[in-house]
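Here are some notes on the pockets of this model, for you to read beside the structure. Please keep the sequence open as you go through the numbered points.

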Amino acid sequence: MGRGKIEIKRIENSTNRQVTYSKRKNGILKKAREITVLCDADVSLVIFSSTGKMNEYCSSPLIKQLDRYQKASGNKLWDAKHEYLSAEVDRVKKENDNMQIELRHLKGEDLTPLNPRELIPIEAALEDGLVGVKAKIKEHRRALEKKTRMLEEENKRPIAKLQQVEIHGRGEMDTGANNGYNNQKAADGTRDYPSHNDNHHQVPFAFQMQPIQSNLTTATTTTNNNKYQLLD
């Protein structure tokens, strides 16, 4: 038995409707790919489900096909502002492509198809760039040297201050030691006198002798006994 005819109307059951959409969507996308390959045709297919999900197939960029549609049908898909923006985008893309080519040439790439006349400006651009790079390097070097000198000067300041503090501290220590020495001499009842060579002054020393009588008596007796022995 053959398949019966299906009435084309909205499917009320949501589950059946979703299943039917999935099957027919895959089928129509398959047909679009087939016609593109079999007939060498440009096909653009965009499908939105009831839930807002989008499925698409484009055999070539969609924007190009829309331009072809606009020119072929005479229907304007966008206003003059959009056309200007589209032309501006094309111009920027073209400039970008040219800059990419120039950059490859400056790197020494893709030079084979160039003739000597085209190579001369590339050489001049490289020389100018080299001069600019050297000047920038010198500028950075001078700035680095200046910064180094400033740091050295800043490092010298705390060192000088530290040396001044050390010298001041040593002076205070010496002064304190001298004061202590003088105070000790004053407590002992002694005083310093100049040397014999200083202005030819004599040092006034005073001595006090206290003989020990017992020792003197013993020494005298011993001497007399020795004399008596010699006479005998």
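1. The second largest pocket holds about 200 Å³ of space. This value, like the others here, comes from a predicted model.

2. Which residues line the second largest pocket? They are Ile-63, Lys-64, Asp-67, Trp-78, His-82, Ser-86, Val-89, Asp-90 and Lys-93. By class, three of these lining residues are nonpolar, two are polar and four are charged.

3. Two helices, α2 (62-73) and α3 (80-106), each give at least two residues to the lining of the second largest pocket. The largest share is from α3, with five residues.

4. Domain 1 (10-76) and domain 2 (78-113) each provide at least three of its residues.

5. UniProt, in an unreviewed entry, lists residues 82-109 as a "coiled-coil region". In the model, this stretch of chain is 89% helix and 0% strand. The C-alpha atoms at the ends of residues 82-109 lie 37 Å apart.

6. Now for the largest pocket. How much space lies in it? The figure is about 290 Å³. The largest pocket is lined by 10 residues, and Ile-6, Ile-8, Ile-11, Thr-20 and Arg-24 are the closest to its centre.

7. The lining of the largest pocket divides by class into three nonpolar residues, one polar residue and six charged residues. For the second largest pocket, the counts are three nonpolar, two polar and four charged.

Technical notes
Residues numbered from 1 in each chain as written. Predicted model: local features only at pLDDT ≥ 70, side-chain atom pairs only at ≥ 80, totals over all residues. Heavy atoms only, no water. 1 Å grid on protein atoms, 1.4 Å probe; cavity = no way out; pocket = protein on both sides within 12 Å on 5 of 7 lines; lining within 4 Å. Points joined across faces, edges and corners; volume = space filled by probe spheres on them. Nonpolar A, V, L, I, M, F, W, Y, C, P; charged D, E, K, R; others polar. Helix = DSSP H or I, 4+ residues; strand = E, 2+ residues; numbered from the N terminus. Domains from an automatic or database assignment. UniProt positions renumbered as here; feature names shortened; annotations may be inferred.
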